[in-house]
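Here's a quick briefing to read alongside the model. Keep the viewer open and click through as you go.

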Amino acid sequence: MAFTMHSHSGQFCPGHAKDQLEDIIKHAISLGYTTMGLTEHMPRTSLDDLYPEELDDPEGSLAVLFPRHEAYLLEAQRLQAKYASQIHILIGFEGEWMRPAYGPLINELSSHPSVDYFIGSLHHINSVPIDYDASYYARAVASAGGTEEQAYQRYYDQQLEMLQALKPRVVGHFDLVRLLSSQPGRDVQAEWPGVWERVVRNLRFVESYGGWLECNSSALRKGLAEPYPGRQIAEEWLRLGGRFTLSDDSHGIAQVATNYARALDYLASLGVTSLWTLRRDPHPEPVAEGKKAQLVEVEVPLVSVKAVVDKW
């Protein structure tokens, strides 16, 4: 049973991803995926939060975001029904915690009857992107005080704000802050005890409300040696009794299931034997108007995912 809980399309994230959503789903089916979480990026509300590729027409770029999100939900529901006999489609979105003011909007978006879950992610430090490019990352570090240690501390403090406000079922790329850092494989526990204290604090909070961390294979295609989260954090998460789900964080057909074999080997080396996903009930039958489908947690043996991946 192969699956992902985190994916994007060029149809609803133009400039950031590629390909039509339906084509991505058809490709996932061809690979043997049995569950797919659709998690397009949520709309943003401020011109300050636009990316460089959106700045040719900033007002227009911002104005289209909410209509695009509504169009995404409609298309996702259509595809959920159309392909129900071939793949179990979950409808979600990726929450963007640029600042605490986004919290109410994330909660409002998640209340939509068609939305099954959302991913709680942090792509920013002090509202400055940390995973866009080196120049933005340098600006984020400067905003935190000028050192990477301070940036990591600020990242995990702002992550905790997000976690406490939203309690997301799935926490996205927990240690994304290491992507563009000078030493992504740094021994944070030994070198930066203040950072490590924050990491453990956040992990304990996620475990306390029953959240999951994703093992996100996109770190590997971006050049890191390990998926998100890295080994130190993953070991601590498992020590706390935490559970993993699995994500390719794909941004188009070419990235669906990318590096899953390496991610599964990584999980096995940690002693992980099961992953977790969700099942909608009822599915695909519609629920009563204004009501949400119930979600059932599904334990997936790691070996069953590997059996599919080994065929690719």
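This is a predicted model: local features need pLDDT of at least 70, side-chain atom pairs count only at pLDDT 80 or more; totals for chains, interfaces and linings use all residues.

Residues are numbered from 1 along each chain as its sequence is written, and side-chain values use heavy atoms, leaving out hydrogens and water.

**Aromatic rings**

- There are eleven aromatic pairs here; rings of Phe, Tyr and Trp (its six-membered ring) pair if their centres lie within 6.5 Å, and planes under 30 degrees apart are stacked, over 60 edge-to-face and the rest tilted.
- Take Tyr 33 and Tyr 260, a stacked pair at 6.2 Å centre to centre with 10 degrees between the planes.
- That pair links distant parts of the chain, 227 residues apart: Tyr 33 is in strand E2 (residues 33-41) and Tyr 260 in helix H11 (residues 260-269). Helices (H or I, at least four residues) and strands (E, at least two) are DSSP runs, numbered from the N terminus.
- Tyr 33 is buried at 1% relative accessible area, and Tyr 260 is buried at 1% too. Buried means under 20%, exposed over 50% and partly exposed in between (1.4 Å probe, protein chains only).
- Tyr 132 and Tyr 136 make an edge-to-face pair, because their planes sit at 75 degrees, with ring centres 5.3 Å apart. Tyr 132 is partly exposed at 33%, while Tyr 136 is buried at 14%.
- Ring pairs also join Tyr 33, Tyr 260 and Trp 312 into a cluster.
- Arg 243 has its charged end over the ring of Trp 276, 4.2 Å from the centre; the test is NZ of Lys or CZ of Arg within 6 Å of the ring centre and within 35 degrees of the ring normal.

**Nonpolar core**

- The largest nonpolar core has 95 residues, and those touching the most other members are Ile 25, Ile 87, Tyr 156, Phe 244, Leu 246, Leu 267 and Leu 275. A core is a set of buried Ala, Val, Leu, Ile, Met, Phe, Trp, Tyr and Cys residues joined through side-chain atoms within 4.5 Å.
- Helix H6 (residues 148-166) is the top contributor to this core, with eight residues.
- Beyond its neighbours within four places in sequence, Leu 275 has contacts (heavy atoms within 4.5 Å) that include Phe 3, Phe 244, Leu 267 and Val 298.
- In helix H1 (residues 21-31), the buried residues include Ile 24, Ile 25 and Glu 22, and their cover includes E2 and helix H12 (302-309).

**Largest pocket**

- Of its 35 lining residues, Cys 13, His 16, His 41, Tyr 51 and Glu 53 lie nearest the centre.
- Helix H3 (65-82) gives the most to the lining, with four residues.

- Most residues other than glycine have a negative phi, and most peptide bonds are trans.
- Tyr 228 and Pro 229 are joined by a cis peptide bond, omega about -10 degrees, and Pro 229 lies in the loop between H9 and helix H10 (231-239).
- Asp 281 to Pro 282 is cis as well, with omega near 5 degrees.
- Ser 127 has a positive phi near 70 degrees and is partly exposed at 24% relative accessibility.
- Asn 259, also not a glycine, has a positive phi of about 65 degrees; this residue is in the loop between strand E9 (243-247) and H11.

Conventions. On a 1 Å grid over the protein atoms alone, a cavity is a set of points where a 1.4 Å probe fits but cannot get out, and a pocket is an open set with protein on both sides within 12 Å along at least five of seven lines; lining residues have an atom within 4 Å of a point.
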